[in-house]
Amino acid sequence: KLESGDIQLRWQRRDRLVHGWVDGTEIPNSEGPTDFEVQMFVAGALVASWNCNQPSILITGSEISGLSIVPNTAFEFRIVHVGRFAKSPPLVLPIIWQP
């Protein structure tokens, strides 16, 4: 969470077709375009979703407030990589909203 009340999410994209990892070296993307679905859930219910083409997203505090999220609400972000043939299992990030 940033001082402005915004939330900056960043994650590491990993290619499902490349199994090795060499430190200090970029692994080529063998899956084509990199697209992600970012979904926000409160009490198991989907309340918002975003699409992005990079492994990060900025969600403004006003966007979250506009969803009627009150302080100290527990919610989670689920981030899914949309690959050429399938979607990845979600990366789940739990958050407690404290603007």
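Because the model is predicted, local features need pLDDT of at least 70 and side-chain atom pairs count only at pLDDT 80 or more, while totals for chains, interfaces and linings use all residues. Residues are numbered from 1 along each chain as its sequence is written, and side-chain values use heavy atoms, with hydrogens and water left out.

The chain contains one helix and six strands, where helices (H or I, at least four residues) and strands (E, at least two) are DSSP runs numbered from the N terminus. Read from the N terminus, the order of elements is β-β-β-β-α-β-β. Of the 99 residues in the chain, 31% are buried; buried denotes under 20% relative accessible area, exposed over 50%, and partly exposed in between (1.4 Å probe, protein chains only). The chain exposes about 6,400 Å², of which carbon and sulfur atoms supply 55%. Accessible areas were computed by the Shrake-Rupley method with a 1.4 Å probe, and for residues only the protein chains shown count as cover. Among contacts (heavy atoms within 4.5 Å) with a separation of 6 or more, 54% involve residues 24 or more positions apart.

Thr73 counts as buried because its relative accessibility is 15%. Leaving aside neighbours within four places in sequence, Thr73 is in contact with Val42, Ile95, Ile96 and Trp97.

Arg78, at 25% relative accessibility, is classed as partly exposed. Not counting residues up to four places away in sequence, Arg78 touches Glu37, Val38, Gln39, Phe41, Pro90, Leu91 and Val92. The side chains of Arg78 and Glu76 are joined by a polar contact of 2.6 Å. A polar contact is a pair of N or O atoms within 3.5 Å; within protein, one must be able to donate a hydrogen and the other to accept it, and residues adjacent in sequence count only if both atoms are side-chain atoms. Arg78 and Pro89 are 11 residues apart in sequence, with a C-alpha to C-alpha distance of 9.2 Å.
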